[in-house]
Amino acid sequence: MTISTNLRKRVLSGMRPTGKLHLGNYVGALDNWVRMQDAYECFFCVVDWHALTTDYADTSQVKQNSVEVALDWLAAGLDPEKSVIFIQSHVPAHAELHLLLSMITPLGWLERVPTYKEQRENIKEKDLGTYGFLGYPVLQAADILMYKADVVPVGEDQVPHVELTREIARRFNNFYGEVFPEPTALLTPSPKLPGTDGRKMSKSYGNTILLTDPEPVVRQKLKTMVTDPARVRRSDPGNPDVCPVGDLHKIFSDRATLDKVYAGCRSAGIGCIECKGWAADALVKLLHPMQERRKKFEENPRLAWDILEAGTEKARKAAAETMNDVREAMGMSLAYESPAGKDGK
Ligand code: SF4
C-alpha cells in the first residue's frame, strides 16, 4: 500500500464544465480554493463526465466549456505550481474506480440522495431516468477516493454526497481491507450572492455577472439590478439588508464604502444609481486583475492546455497508485501469479 510522504492534507474538489464562470462560482468555491492552495495538497478537477449525467444528449460544448472553466480557474489564481489542475476524463482510472464502487453501492443509498430526488422532480425538460444520473454520486465518490482525499470543500447541499462517499469507503474497506481514508466535508463559507434579478445567481436564471464581463458590461448589469422594492422614489429611505445591491456591497466593498451605503441608503442621502456605481467599482477592481491574467491564456490557448496536460500526468500517477492498491485489495492485481499461488514455483 502506498503511503504519502506529503504531510499536508490532501484536498479534492471539482466543478462541472458549465462554460464561463460567474461571481456565484467565485464566492461559492473558487475564491476558497485559491486560499486553500498553500495549506493543502490540492487536486482540482474539471468534472466533464459529470456534465454528461444530465447533458448527455449534446456533448458538442463539453470540451470547450472545460477549457473555459480551466481558464477562469487560472485567471482567479489557481496556481499549477501549487495545485494539480486537470480534466476528469483525461484520467480514465476514474471510470474504473466508478465501476468497482458501483458494484458495492446499494441502490437505496443512491435513491435517498436529496439532490437526486430534487432534480428528478424539478428538471422536467431532460430525461434524468438514466443509470448514469442515479449513479453520479458514485462517480463523485470515485473522484474523491481516487486521490485518497482527506478534505472535500463543499457547499451545504453537497454534504450528503461526502457522507455517501464515506459510507462507500467504509463498505469497501470492510469487504477488502483498509484502502481508503474517509474524507471530511469542509463547509465552504458561502455568502448569499444574488444575481441581477435578486434571485440566487445562477446560469439557469440568466442573472449572472461573469468573471470575464468587461467593465461596461458589469456597469450595465448593475444599472438594471433590482433594489429594495420599498425604495420607490429617490426620497424614500431604503434598507441595504433587503437590497440585492446591498448584498453585493457586503461581499465586495470595503468598510468605508459599506458605511456610506448604510448611512446614505437609510437616510435617502444617496440614490440607487450612485450606490450601484460603487458596487460596480468594487467588482471591476476584483475582476480586472483576473481578466488581465486570463488574457495571457486567451492569446496563447496552448499554454492552458499544457498546464492541463501536466496536471493530468500528476493526477494519473496518483490515480495509478490508488488503483494498484484497489486491485490488490480485491485480489485482482495485474501481476502474474502462478497457478500454485503467489509463492508457487
Ligand atoms: S441605495 Fe443601494 S442599498 Fe439602498 S436600495 Fe438603493 S441600491 Fe439598494
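1. The protein has 14 helices and five strands. Helices (H or I, at least four residues) and strands (E, at least two) are DSSP runs, numbered from the N terminus. This is a predicted model, in which local features need pLDDT of at least 70 and side-chain atom pairs count only at pLDDT 80 or more, while totals for chains, interfaces and linings use all residues. Residues are numbered from 1 along each chain as its sequence is written, and side-chain values use heavy atoms, with hydrogens and water left out.

2. Overall dimensions and surface come next. Along the principal axes, the C-alpha atoms of the protein fill a box of roughly 95 × 45 × 40 Å. The protein exposes about 17400 Å², of which carbon and sulfur atoms supply 54%. Accessible areas come from the Shrake-Rupley method with a 1.4 Å probe; for residues, only the protein chains shown count as cover. Of the 345 residues, 48% count as buried; buried means under 20% relative accessible area, exposed over 50%, and partly exposed in between (1.4 Å probe, protein chains only).

3. Contacts across the sequence deserve a separate remark. Among contacts between residues at least 6 apart in sequence, 77% join residues at least 24 apart, where contact means heavy atoms within 4.5 Å.

4. The largest nonpolar core has 53 residues, and those with the most contacts inside it are Leu23, Leu30, Trp73 and Leu222. Helix H13 (residues 272-299) gives the most to this core, with 10 residues. Apart from it lies another core, of 43 residues, among them Ile104, Val113, Ala149 and Val179. A nonpolar core is a set of buried Ala, Val, Leu, Ile, Met, Phe, Trp, Tyr and Cys residues joined through side-chain atoms within 4.5 Å. In soluble globular proteins, nonpolar side chains tend to be buried together.

5. Leucine 222 may be examined individually. When neighbours within four places in sequence are left aside, leucine 222 is in contact with Ile209, Leu248, Lys276, Ala279, Ala280 and Leu283.

6. Helix H8 (residues 136-146) is mostly covered, with 11 of its 11 residues buried. The buried residues of H8 include Tyr136, Pro137, Gln140, Asp143 and Met146. Just after H8, lysine 148 takes a positive phi of about 45°. Lysine 148 lies in the loop between H8 and strand S4 (151-154), and it counts as buried because its relative accessibility is 17%.

7. Alanine 268 lies in the loop between helix H12 (255-266) and H13. With a relative accessibility of 14%, alanine 268 counts as buried.

8. Serine 83 lies in strand S3 (residues 83-87) and is buried, with a relative accessible area of 3%. Leaving aside neighbours within four places in sequence, serine 83 is in contact with Gln37, Cys42 and Phe44. The side chains of serine 83 and glutamine 37 are joined by a polar contact of 2.9 Å. A polar contact is a pair of N or O atoms within 3.5 Å; within protein, one must be able to donate a hydrogen and the other to accept it, and residues adjacent in sequence count only if both atoms are side-chain atoms. The C-alpha atoms of serine 83 and lysine 314, 231 residues apart along the chain, are separated by 10.0 Å.

9. Serine 89 lies in the loop between S3 and helix H4 (93-104). It is partly exposed, as its relative accessible area is 21%. Apart from neighbours within four places in sequence, serine 89 is in contact with Asp48 and Trp49. Its side chain makes a polar contact of 2.5 Å with the side chain of aspartate 48.

10. Aspartate 48 is also touched by serine 66, whose other partners are Pro17, Val46 and Ile87, not counting residues up to four places away in sequence. Serine 66 lies in helix H3 (residues 62-76) and is buried, with a relative accessible area of 1%.

11. Finally, the aromatic residues. The charged end of arginine 171 sits over the ring of tryptophan 109, 5.6 Å from its centre. The charged end of lysine 260 sits over the ring of tryptophan 278, 4.2 Å from its centre. A charge sits over a ring if NZ of Lys or CZ of Arg is within 6 Å of the ring centre and within 35 degrees of the ring normal.
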